[in-house]
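Me: I have a chain open here and would like to go through it with you. Can you take my questions as they come?

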Amino acid sequence: MNMMTKMKLTYKELEPQLIEKITNLIPNLEYERLIVTEKHKQVFYRKDIGFNFLGCEFCILNEVKQNELGDFVIEDKNLLNFFQLQEDSEMPQELGLNLWYCPICFKQLINLNER
């Protein structure tokens with residue numbers, strides 16, 4: 001990897017829509033704790049211990065919907081289910097088929113197992 005590659009963006013470099021969504025997701029947002037990667041604009045927020053991963057620009061800004069076939073989608077991209085990410089898993093089907101992830105950053109967006 002080229003060491004001159006820019007790895008993260010500053011708050012001021014983000015689109016206004018993304019800033020608004022992040023501000024709504026994080027109460028009392030402290031901008032210096034925000035980390036956003038340049039590629040796919042993956043958003044992390046530094047906690048006192050560890051980080052919260054909020055997702056990428058694509059899944060933060062767009063709503064998950066179901067298309068006419070019943071597939072979960074964001075815009076024209078299908079979400080991935082657990083078995084598409086972990087093909088050799090011992091996960092019971094009824095559990096794995098109810099977990100859905102962003103096709104870009106793989107953040108879990110839907111867990112139909114939770115009630």
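Me: Which residues of the largest nonpolar core touch the most other members?
Reply: In this predicted model, Leu14, Ile22, Ile26, Leu34, Val36 and Val43 do, out of 13 residues in that core. A nonpolar core here is a set of buried Ala, Val, Leu, Ile, Met, Phe, Trp, Tyr and Cys residues joined through side-chain atoms within 4.5 Å. Buried means under 20% relative accessible area, exposed over 50%, and partly exposed in between, with a 1.4 Å probe and protein chains only.

Me: Which elements give two or more residues to it?
Reply: α1 (16-25), β2 (34-37) and β3 do, and α1 gives the most, with 3 residues. Helices (H or I, at least four residues) and strands (E, at least two) are DSSP runs, numbered from the N terminus.

Me: What does the second core include?
Reply: That core is separate and has 10 residues, among them Phe58, Cys59, Cys102 and Cys105.

Me: What about confidence?
Reply: The mean pLDDT (the predictor's confidence in each residue, from 0 to 100) is 88, and 93% of the residues reach 70 or more. Residues 1-5 are below 50, and beyond near neighbours in sequence that stretch has 1 contact (heavy atoms within 4.5 Å) in the model. Where pLDDT is low, the predicted coordinates should not be read in detail.

Me: And the conventions?
Reply: Residues are numbered from 1 along each chain as its sequence is written, and side-chain values use heavy atoms, with hydrogens and water left out. As this is a predicted model, local features need pLDDT of at least 70 and side-chain atom pairs count only at pLDDT 80 or more, while totals for chains, interfaces and linings use all residues.

Me: Back to strands. How do β3 and β4 pair?
Reply: Residues 43-46 (β3) and 51-55 (β4) pair in the antiparallel sense over 4 bridges. For strands to pair, DSSP must find at least two bridges between them. The two form a hairpin with 4 residues between them, and glycine 50 in the turn has a positive phi of about 85°.

Me: Which residue in β4 is the bridge partner of phenylalanine 44?
Reply: Phenylalanine 53. Their ring centres are 4.9 Å apart and the planes are at 35°, so the pair is tilted. Rings of Phe, Tyr and Trp (its six-membered ring) pair if their centres lie within 6.5 Å; planes under 30 degrees apart count as stacked, over 60 as edge-to-face and the rest as tilted. Phenylalanine 44 is partly exposed at 25%, and phenylalanine 53 is partly exposed at 25%.

Me: What is the strand order in the open sheet?
Reply: β8-β9-β10, 3 strands with antiparallel pairing. The edge strands are β8 (80-81) and β10 (108-111). β9 (residues 99-101) and β10 share 3 bridges, and tryptophan 100 stands opposite isoleucine 110.

Me: How many salt bridges?
Reply: The count is 3, where a salt bridge is a side-chain nitrogen of Lys or Arg within 4 Å of a carboxyl oxygen of Asp or Glu. Glu30, Arg33 and Asp48 are linked in a network: glutamate 30 meets arginine 33 at 3.2 Å, and aspartate 48 meets arginine 33 at 3.0 Å. Aspartate 48 is in the loop between β3 and β4, arginine 33 in the loop between α1 and β2.

Me: Is aspartate 48 buried or exposed?
Reply: Exposed, at 70% relative accessibility. Arginine 33 is partly exposed at 22%.

Me: And glutamate 57, what does that residue pair with?
Reply: Lysine 41, with the closest N and O atoms 3.7 Å apart. Glutamate 57 lies in α2 (residues 57-61) and lysine 41 in the loop between β2 and β3, so the pair ties together parts that are 16 residues apart in sequence. Lysine 41 counts as buried at 17%.
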